[in-house]
Amino acid sequence: MSDDKHKNDAIDAGLIRSLADILNDTDLTEIEVERGELRIRVAREVTVAAAPIQYAAAPAPIAHAAPVAAAAPASMPSDPATIVSRKGEEVKSPMVGTAYLQPSPEAPQFVKPGDKVKKGQTLLIVEAMKTMNPIQAPRDGVVSEILVGDAQPVEFGEALVLLEA
C-alpha cells in the first residue's frame, strides 16, 4: 500500500468520527459528505416504539465508506454532471420522509420507467410522520426514470422521478 493511500485512510477515519459526533450532538439520523472520488455516509438506525418511550443510550452510529460509484444504486448516477444533463422535468419531494414505490409490499409499483402518466396520477408515496403522502404527476407525460429506491429516505426538494413530455 502506498503512503498516499495510507494518509487518506487516516483522514477519512477522523472525518467519520467527526460525522458520528455531529449525529450524536444534533439527533440527526444520517449525514453524508463527498470528497473527490469518496463518499462517506454515516447513519444510525432509529426505531419507533408503539409503547411509551424508554430512555436509553442512542444506538452507535454506523459508518459506510465507499467509492462514489460503488455507493450509488445502478439507477442513480454518481456524477452530479449526469443529473444536470438529464432530459425531463424533475418531480421533487415536498417533504422529508421515506419514499415508497408501491402502496404495499405485495402490490405492484405505482409507475415504472416508460409508463405514460396523466396529471394528478400517483407516482409514489412519501411517508412523513406516519402519514402516507401521494406524490402526483404535475402534468401528463412519460416516466423516464425513477431516481429513488423503495423505502429510501428522501430530503425536501430531492428529485424523485423524471417526467418527459
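# Strands, sheets and cores

Opposite Glu 89 stands Leu 163, a residue of E11. This is a predicted model whose local features need pLDDT of at least 70 and whose side-chain atom pairs count only at pLDDT 80 or more, while totals for chains, interfaces and linings use all residues. Residues are numbered from 1 along each chain as its sequence is written, and side-chain values use heavy atoms, without hydrogens and water.

Q: What makes E4 and E11 a pair?
A: Two strands pair if DSSP finds at least two bridges between them. E4 and strand E11 (residues 159-164) have 4 bridges, in the antiparallel sense. The pair therefore meets the definition.

Q: What makes E4 and E6 edge strands?
A: Their open sheet has 4 strands in the order E4-E11-E9-E6, with antiparallel pairing. Strand E4 (89-92) and strand E6 (116-117) each have a single partner strand, so one side of each lacks a neighbour in the sheet.

Q: Why is E6 (116-117) called a strand?
A: A strand is a DSSP run of E with at least two residues, a helix a run of H or I with at least four, both numbered from the N terminus. The protein has 3 helices and 11 strands.

Q: What makes a group of residues a nonpolar core?
A: Its members are buried Ala, Val, Leu, Ile, Met, Phe, Trp, Tyr and Cys residues, joined through side-chain atoms within 4.5 Å. Buried means under 20% relative accessible area, exposed over 50%, and partly exposed in between (1.4 Å probe, protein chains only). The largest such core has 19 residues, and Leu 123, Leu 124, Val 143 and Leu 160 have the most contacts inside it. Strand E7 (122-128), strand E9 (141-146) and E11 each give it two or more residues. E7 supplies the largest share, 4 residues. A second, separate core has 7 residues, among them Leu 15 and Ile 31.

Q: What is Val 143 in contact with?
A: Contact means heavy atoms within 4.5 Å. Leaving aside neighbours within four places in sequence, the partners of Val 143 include Val 111, Pro 113, Leu 123 and Val 161.
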